[in-house]
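Please look through the sequence and the 3D view below before reading on.

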Amino acid sequence: MDKKFAILGDIHANIDALNVVVEDARSRGVTDFISVGDIVGYNSRPSECIKLIRELNCVTVRGNHDHYCSYNESLDDFQPLAASVIAWTRRQLSEDDVSWLHNLPYQKSIAGFMMVHSTLDCPEHWGYVFDILAAEANFSYQTTSICFHGHTHVPIVYQRTSIGISQLAPVGKFKPAIGQKLFVNVGSVGQPRDGDPRSSYVVYDAKTRELEFIRVPYDVEAAMEKNRTAGLPERLATRLEQGR
Ligand SMILES: [Fe+2]
């Protein structure tokens, strides 16, 4: 199989970032686009991002923001800032957008790898994997050597071998050895939170079974300006340049 995948996470309605990432991926010979969820929320262009993702035939799983923007459920579990933007985003979406988000699956297996927004153990509970203990719970459900995920907006690799689980810095290329499993957080296209404002994503080559972390600069100022013009809270503009 000669497919080359771009794995995009947490785009969060940032069309400036998404456009640049798609262009960068194409320049690297990517043939297929995959999204680990949270297409919408936080930034100003939810419908435009859904439109582009659908045009790319991007296989997508559901993020918590995608869920809460398309199901009329209580937002009590959300931080007030996130909850206010979900309410705003709901008002921007067309019926067709909402119906598309509503039908996204929680997880999917494709071309020998799995994909989920949060973690494979109870994906509908939106647990955050920030340590080895949380990664261990995921590995019990991971039946493929690689699973891609997002949700924390922080790229990282959890690796399980016969001697245990460790975490690896998301730099350069990785390839699972026989018997090894990788649980790979691809980071965020539209709202990185690891202190680096550049978009983060992963390219996976199905032929070589090698994955590579990519960082791409985009026009952060333009995205900030769009958020301000839309009347979104100032914090959602400044965090883009801070990468937090
Ligand atoms: Fe997110």
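## A strand with two partners

Ile146 stands opposite Leu182 in strand β10. This is a predicted model, in which local features need pLDDT of at least 70 and side-chain atom pairs count only at pLDDT 80 or more, whereas totals for chains, interfaces and linings use all residues. Residues are numbered from 1 along each chain as its sequence is written. Helices (H or I, at least four residues) and strands (E, at least two) are DSSP runs, numbered from the N terminus.

Ile146 belongs to strand β6, residues 146–149, and β6 pairs with β10 (residues 181–185) in the parallel sense over 4 bridges; two strands are said to pair if DSSP finds at least two bridges between them. Strand β5 (residues 113–116) also runs parallel to β6 and is joined to it by 3 bridges, with Ile146 as the bridge partner of Phe113. Together with helix α6 (residues 132–139), β5 and β6 make a right-handed β-α-β unit, where right-handed means that, with the strands pointing away from the viewer, the path from the first strand over the helix to the second runs clockwise.

In a regular strand the side chains alternate between the two faces of the sheet. A residue is called buried if 20 or more other C-beta atoms lie within 10 Å of its own, exposed if 12 or fewer, and partly exposed in between, with C-beta atoms placed from the backbone.

## An open sheet of six strands

Another part of the model is an open sheet of 6 strands with mixed pairing, in the order β3-β2-β1-β11-β12-β9. Because β3 (59–60) and β9 (173–174) stand at the edges with a single partner strand each, one side of each is left without a neighbour in the sheet. Strand β1 (residues 4–8) pairs with β11 (residues 199–205) in the antiparallel sense over 4 bridges, and Lys4 has Asp205 as its bridge partner in β11.

## Two helices side by side

The axes of helix α7 (residues 220–229) and helix α8 (residues 234–242) come within 8 Å and cross at roughly 170°, the axes being lines fitted to C-alpha atoms over the stretch in contact, with angles from 0 to 180 degrees between N-to-C directions. The two helices are therefore roughly antiparallel to each other, as angles over 145 degrees count as roughly antiparallel, under 35 as roughly parallel, 65 to 115 as roughly perpendicular and the rest as oblique. Residues making the contact include Val220 and Met224 of α7 and Leu236 and Leu240 of α8; two residues are in contact if their C-beta atoms, placed from the backbone, lie within 7 Å.

## Two loop residues with positive phi

Most residues other than glycine have a negative phi, and most peptide bonds are trans. Asp38, in the loop between β2 (32–35) and α2 (46–55), has a positive phi near 65°, and it is buried, with 31 other C-beta atoms within 10 Å. His153, in the loop between β6 and β7 (156–161), has a positive phi of about 70°, and with 22 C-beta neighbours inside 10 Å it counts as buried.

## The chain as a whole

The secondary structure of the protein chain comes to 8 helices and 12 strands, and 45% of its 244 residues count as buried.
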